[in-house]
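Please read the following briefing alongside the sequence and the coordinates.

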Amino acid sequence: MAEEQKNNTTDALTLRQGRHQDLRGQQAEQLRLLYDQFTPAIVLQPIVALVIAWLYWDHGTVSHAVIGAWLGLSFAALAGRLLAFQAFHRLPPVTEQRILFYRQLSVAGALVVGSLMGFASVVFNPVLFTLDEAIIYDQAIMVALIGGLAIVGVATYASYLPSFFAFILPALLPGGIYLGLSGNHVGELMFFVDMLFAAFLVYAGLRINRMTLEGLSLQFRNQALITYLDRARSDAEALNSKLAREIHERKKAQQNLKDAHDRLEGLVTERTQALQHAYDELARNRERLALAMEASDIGLWDWNLDTDEVFHSNFDRMLGYSQDELKTFKGHLQPLVHTDDFPRIRAAMVAHLKGRTEYYHMVYRTRHKQGGWRWVEDNGRVVSRDAQGHVRRMIGTRRDVTDRQEADEQMRLAASVFGTATEAIMVLDSRFRVLKVNQVFCRITGFGEAEVKGKGMAELNRTPDAVQAYKDIAATLARQGSWQGELLETRKNGEQYPEWLQVSAVRDDNGTITHYVAIFSDLTERREAEEKLRYLSNYDKLTGLANRTLFRDRLHAAMSEARQRRGKLALMMLDLDRFKQINDTLGHEIGDKLLYAASTRLMALDVQADTISRIGGDEFTIILEDYADRAQLEQIAGRIIEAMRAPFYIDDHELLLGVSIGIALFPEHGRELQILVNNADSAVRQAKRLGGNSSQFFVGELRSTNVDQLALETSLRKAIFRNEFIVYYQPKYDFASQRIYGVEALVRWQHPTRGILAPKDFIPLAEETGLIAAIGEMVLERAARQVNAWRDLGLGDIKVSVNLSAHQVRKGNLVEVVERVIYSAGLPPEQLELEITESQLMEDLDGTIRTLQTLRKRGVGISLDDFGTGYSSLSYLKRFPIDTVKIDQSFVRDVHKSDDDAAIVRAIIAMSHSLGVKVVAEGVETHAHLEFLRNSGCDAIQGFLIGRAVPEADMIALLRGQGTAGGERA
């Protein structure tokens, strides 16, 4: 019994010693692992230090001295660690002193390296988030290097936690704290990222340390067990030998026990070999699966629904994200999914999780790390549920199907183009038989798809020309691969139509033609449009007459024919008088209708013209071949003038036109087309200068006249700026007071070389060029100032009459101009009278009446000049806001010897007085005129008998002596 207790004590002591040796062996093995992992850290640390020093050497943010000192410390730390390792190797193996020394060496080395990296991350980056791309890139590289070194540190020091924390904390915390204290939003975000990265590293280090210690513990427990078994076997053998000597009967039991042990050991060995074989086979299968998934661009995902953790394989190649970046589904994967696709994913996932579908399948878009959307396809299924049926685990595959989706989109787009194209499309096989057509083909040809499918193109149009054409097309396609051109095809109903056909060959990878694609468009509408365009290019769209292009072609042909047969022709050029005023006043719509009405009236005359053309605006031409003589041309011109004099009724407007006609003869006035046209145009302008409503033959002197007119126009423009215009005044005599009560302001041009020019020499040109408005305003202002000056001289309240031009009325600012002149001159409105002609009133009747009413309300008098010579009806007189009517001198000239003129004058006077309008007679040159007008009740007279138009100084003398002179004239 005592011996057995002794043996038990010995065994316990042996066991404790074995455990102590096992613990020291475990520490030695941990030391060996730490030493084995130290070599890559020794190599990487100086490399990283050199790269960081090289990156920041030329930045200027850190001095070279600091970088050099830091680099020197890095290599000094390296040298110290190497020397320490040499000393470490001299220590006895597997001793407490050796283990303690290496642990201290490991902690110190890790602390120095981590501190150097943490120091560099703060000191080398005094400026954060700069716009300098070079600094940003270098900072990013530095972060990557320190991060990589940290990851290496996890692998190196994780087996011994003090060394691990001695490296990780000083390497990452200074930079993170520096970012967090930067005061910048981005810095705070980067601080969070840094801390998150450090947390992940700490977690990884703890896991690696735990796994390492557990593995070492398991290894040494197994070793202890084997040692114990070996020791037990030795003890058993010794005991068996002893028992064999002592008890023979136990020998058999000993042998049986040994056999059993041997069998057990064989089974263990066999099982170990089987497990190793299974492990090797599993490794090979995993490798084959990984290679197969990589080759097929398929990624594996494993979703633990309890923790929401997701494992991915091949995801970095597919979308650029690592496993650490996408650890969970809801927190990481869900934000990457396109918002339009996520509801579909959720619906499909819920349906599968609830068991409604056997598999989960979905194609959706997710954002790539580098930007842009990628299409991915998920296939998966539930592999684990708990007792309540809740899903715990789901496994599936994911692959990038962006190329497939884009190809499908291209196919859909091609199908859409085929179905919605505006041109007919045919797909043919290599023998030109129809395989497919679109709806446009059916609409153009009238054939249904079933009617043409399988038929050759030539069968649809069996005309010999079509058959030969398709043979030529086939030959060209064989040589060049494409053909295009125009063909005459036949619809199903037999109607022929032109088409533009394009055929292209489709080849396979070997270059063999497999199909043809034919596209054609119906040219019928295009041909009709071209025909219409040809018509529009030769005929005026508004009037339907020949336009300028066709006119020149026909004139050229007529001249050529006349030249060949030595004949003659006449070119009449027509210009409508007063059309521009009507068009500007009433608008282009009324103007266009008036032009159409004028052209219709011109065509209705049936002047036996070869061509009547509208060559632009209000200009027309007539080509007359083989006319008899000039008298015939004058007769035709007279008919045209008379026709145009009649009123035109356009949209409740009564419009009056005139026409000026210029005539040029071939070959008398020109043997070349342009010369003949220019001469006809010169004759038209001469007719307009003569007052319009007349015709003129071209004469050679018109060329020089045109040159003179051009020079005069240039001088007229300069005269306005040179102040060359002066104002003359013609007196008006009042029968009742027997005094000069007013004057009419008449402009004269004091030309620097031609002397004083009368209005007839330049007013028509001023009206034609639009300068009349400026001249009229100047006359109005000078006359107002002059009359006001006469009043200051004590000559009385003389009323001044100023003629208005049509341009002044049309400009629309007449009221503002008159008010400004009255105000600036200080003239009472009652002393100003504006004279306007009947034709000016009729241009824009309503607008002109409104303007005159406004002026009349201001106190300005309105006088109707040249009454009786215009086109207005006498009934219009009661509508006009008129104070005075001036009888034209054409009626006064023969009043004493023409009963008709006398009757007209008396009627005008009587009618005017009945309306309360004053009457002034113009052109009074004889006492017979004076006596007739006095006896007829005329209110006032004006003419050479009273006085001619004189300058300002002469008018002042006349006014001062009018008391006696006026009585004598009366």
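Directly after helix 18, glycine 587 adopts a positive phi of about 105°, in what is a predicted model. Helix 18 itself spans residues 579-586, and its buried residues are Phe579, Gln581, Ile582 and Asn583.

**Other backbone features**

- Aspartate 652 is another non-glycine residue with a positive phi, here about 70°, and it belongs to the loop between strand 14 (648-650) and strand 15 (653-655).
- With a relative accessibility of 85%, aspartate 652 counts as exposed.
- Phenylalanine 666 and proline 667 are joined by a cis peptide bond, for which omega is about 5°.
- Proline 667 is placed in the loop between strand 16 (658-666) and helix 21 (673-689).

**Salt bridges and cysteines**

- The structure holds 39 salt bridges, whereas the number of disulfides is zero.
- Side chains of opposite charge can pair when their charged atoms come close.
- Aspartate 429 pairs with arginine 433 in a salt bridge whose closest N and O atoms are 2.8 Å apart; aspartate 429 counts as buried at 12% relative accessibility, while arginine 433, with a relative accessible area of 34%, is partly exposed.
- Glutamate 833 and lysine 732 form a salt bridge in which the closest N and O atoms are 3.2 Å apart.
- Because glutamate 833 lies in strand 22 (residues 832-837) and lysine 732 in strand 18 (residues 725-734), this pair ties together parts that are 101 residues apart in sequence.
- Both glutamate 833 and lysine 732 are buried.
- Glutamate 835 forms a salt bridge with lysine 886, with 2.8 Å between the closest N and O atoms, and this pair links distant parts of the chain, since glutamate 835 is in strand 22 and lysine 886 is in strand 24 (residues 884-887), 51 residues apart.
- Glutamate 835 and lysine 886 are likewise buried, and salt bridges that share partners join Lys732, Glu744, Glu833, Glu835, Lys886 and Glu922 into one network.
- Cysteine 442 is buried, with a relative accessible area of 17%, and cysteine 938 is buried with a relative accessible area of 4%.

**Packing and surface**

- Isoleucine 849 lies in helix 28 (residues 845-857) and, at 8% relative accessibility, counts as buried.
- Leaving aside neighbours within four places in sequence, isoleucine 849 is in contact with Arg879, Phe880 and Pro881.
- The C-alpha atoms of isoleucine 849 and isoleucine 882 are separated by 9.7 Å, although these two residues are 33 residues apart along the chain.
- On the surface, a nonpolar patch is formed by Leu189, Met190, Phe192, Val193, Leu196 and Phe200, which together have about 520 Å² of accessible area.
- Valine 193, one of the patch residues, lies in helix 6 (residues 185-246) and counts as partly exposed at 40% relative accessibility.

**The chain as a whole**

- The chain has 33 helices and 26 strands, and buried residues make up 42% of its 970 residues.
- Among contacts between residues at least 6 apart in sequence, 61% join residues that are at least 24 apart.
- The accessible surface of the chain comes to about 52200 Å², and 55% of this belongs to carbon and sulfur atoms.

**Confidence in the model**

- The average pLDDT of the chain is 80, and 85% of the residues score at least 70.
- Confidence is highest in strand 26 (residues 940-942), at a mean of 94, and lowest in helix 33 (residues 962-969), at a mean of 46.
- Over residues 963-970 the pLDDT is below 50, and this stretch has twelve contacts in the model beyond near neighbours in sequence.
- Residues 10-15 also keep a pLDDT under 50, and for them the model has one contact beyond four places in sequence.
- Where pLDDT is low, the predicted coordinates should not be read in detail.

Definitions and conventions
Residues numbered from 1 in each chain as written. Heavy atoms only, no water. pLDDT = per-residue confidence, 0-100. Helix = DSSP H or I, 4+ residues; strand = E, 2+ residues; numbered from the N terminus. Contact = heavy atoms within 4.5 Å. Buried < 20%, exposed > 50% of the residue type's maximum accessible area, 1.4 Å probe, protein only. Areas by Shrake-Rupley, 256 points an atom, 1.4 Å probe, with all protein chains shown as cover. Salt bridge = Lys/Arg side-chain N within 4 Å of Asp/Glu carboxyl O. Disulfide = S-S within 2.5 Å. Patch = residues over 30% accessible without salt bridge, like charges linked within 9 Å, V, L, I, M, F, W, Y side chains within 5 Å.
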